[in-house]
Amino acid sequence: PAAALAFDIGPAVGSQIPALHVTDARGQAVKLADISGKNGVVLIFFRSAKWCPFCQAQLIAMNAAPPELARRGYRLAAISYDDRQVLDEFAQKRGITYPLLSDRGSATIDAWAMRDPQYKPDSIAYGVPMPGIFVLAPDGTIRTKLAEEGYRTRPPLEAVLAAIDALPAK
């Protein structure tokens with residue numbers, strides 16, 4: 001967990017999140033209240049469910065998270081620049097039980113300062129976020145975040161649970 005906290009991306013811990021401009025598999029707009037549990041939500045930013053094997057592995061591994069997070073009062077959701085059909089197909093094929101949210105056009109990714117700057121407009125990866133995990137309170141306050149430098153290594157579920165367990169009670 002210490003290594004996961006060493007790479008700082010996105011909005012600061014303690015700040016209010018920028019607005020979400022994402023849709024679910026049905027194309028419906030999603031607000032924080034729609035995805036939040038009693039204590040909040042764990043929100044994953046990932047590159048692509050279509051072409052990123054590291055993202056695919058992370059999403060599959062995190063499918064074990066909802067019961068553990070629910071015991072702590074949290075829900076889980078993940079955001080990508082992928083269109084909703086890509087996300088829905090991946091979720092169906094892999095049995096993903098938590099919402100995969102589409103940020104077509106990367107408006108949320110940009111508002112959170114998560115866009116990976118290494119990709120140019122002619123790249124398939126243009127608009128992808130840097131991978132990161134945010135733990136949000138129901139009021140939109142960032143309680144903690146986890147990220148690792150690069151895109152190959154992702155904080156495991158154990159690190160996410162340890163970070164949540166280390167948070168002061170609200």
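Colleague: Is Asp 24 buried or exposed in this model?
Modeller: The model is predicted, and Asp 24 lies in the loop between strand E1 (22-23) and strand E2 (29-30). Its relative accessible area is 12%. The cut-off for buried is under 20%, so Asp 24 counts as buried.

Colleague: Which backbone nitrogens lie 2.9 Å from a polar atom of the side chain of Asp 24?
Modeller: One of them belongs to Arg 26, at 2.9 Å from a polar atom of that side chain. The other backbone nitrogen lies 2.9 Å from a polar atom of the Asp 24 side chain as well, and it is that of Gln 28. The names asked for are Arg 26 and Gln 28.

Colleague: Which residues does Asp 24 touch, not counting residues up to four places away in sequence?
Modeller: Arg 26 and Gln 28 have their polar contacts with the Asp 24 side chain, but residues up to four places away are left out of this list. What remains is Val 30, Arg 84 and Leu 101.

Colleague: What pLDDT does the chain average, and where is the pLDDT below 50?
Modeller: The average is 93, and 95% of the residues score at least 70. Where pLDDT is low, the predicted coordinates should not be read in detail.

Colleague: How many bridges join strand E3 to E6, and in which sense do the strands run?
Modeller: Strand E3 covers residues 40-45, and strand E6 covers residues 132-136. Leu 43 stands opposite Phe 134 in E6. The two strands are joined by 5 bridges and run antiparallel.

Colleague: Which strand pairs with E3 in the parallel sense?
Modeller: The pairing runs over 6 bridges. Within it, Val 41 has Arg 75 as its bridge partner. The strand is E4.

Colleague: Which residue in the turn of the E6 and E7 hairpin has a positive phi?
Modeller: E6 and strand E7 (residues 142-146) pair in the antiparallel sense over 4 bridges, with Thr 144 as the bridge partner of Val 135. The hairpin has 5 residues between the two strands. The phi in question is about 90 degrees, and the residue is Gly 140.

Colleague: How many residues of E6 are buried, and which way do they point?
Modeller: Gly 132, Phe 134 and Leu 136 point one way from the strand, and Ile 133 and Val 135 point the other way. Residues on both sides are buried.

Colleague: How many residues of E3 are buried?
Modeller: On one side of E3 stand Gly 40, Val 42 and Ile 44, and on the other Val 41, Leu 43 and Phe 45. Both faces are covered. The count is 6 of 6.

Colleague: Why is the pair of Phe 45 and Trp 112 called tilted?
Modeller: The ring centres are 5.0 Å apart and the planes stand at 50 degrees. Planes under 30 degrees apart count as stacked and over 60 as edge-to-face, with the rest tilted. An angle of 50 degrees therefore makes this pair tilted.

Colleague: What class does the pair of Phe 45 and Phe 134 fall into?
Modeller: Phe 45 is in strand E3 and Phe 134 in strand E6, 89 residues apart. Their relative accessibilities are 0% for Phe 45 and 1% for Phe 134, and both count as buried. The centres are 5.7 Å apart and the planes at 75 degrees, so the pair is edge-to-face.

Colleague: Which residues form one aromatic cluster?
Modeller: Phe 45 pairs with Trp 112 and also with Phe 134. Both Phe 45 and Trp 112 are buried. The cluster consists of Phe 45, Trp 112 and Phe 134.

Colleague: Over which ring does the charged end of Arg 47 sit?
Modeller: The charged end is 4.1 Å from the ring centre. In another such contact, Arg 115 lies over the face of Tyr 126 at 4.6 Å from the ring centre. The ring below Arg 47 is that of Tyr 151.

Colleague: Which elements do the buried residues of H7 pack against?
Modeller: Helix H7 spans residues 157-165 and includes Ala 162, which is partly exposed at 34% relative accessibility. The buried residues of H7 include Leu 157, Val 160, Leu 161 and Ile 164. The elements they pack against are E3, helix H4 (65-71), strand E4 (74-80), E6 and E7.

Definitions and conventions:
Residues are numbered from 1 along each chain as its sequence is written. This is a predicted model: local features need pLDDT of at least 70, side-chain atom pairs count only at pLDDT 80 or more; totals for chains, interfaces and linings use all residues. Side-chain values use heavy atoms; hydrogens and water are left out. Buried means under 20% relative accessible area, exposed over 50%, partly exposed in between (1.4 Å probe, protein chains only). Two strands pair if DSSP finds at least two bridges between them. A polar contact is a pair of N or O atoms within 3.5 Å; within protein, one must be able to donate a hydrogen and the other to accept it, and residues adjacent in sequence count only if both atoms are side-chain atoms. Contact means heavy atoms within 4.5 Å. pLDDT is the predictor's confidence in each residue, from 0 to 100. Rings of Phe, Tyr and Trp (its six-membered ring) pair if their centres lie within 6.5 Å; planes under 30 degrees apart count as stacked, over 60 as edge-to-face and the rest as tilted. A charge sits over a ring if NZ of Lys or CZ of Arg is within 6 Å of the ring centre and within 35 degrees of the ring normal.
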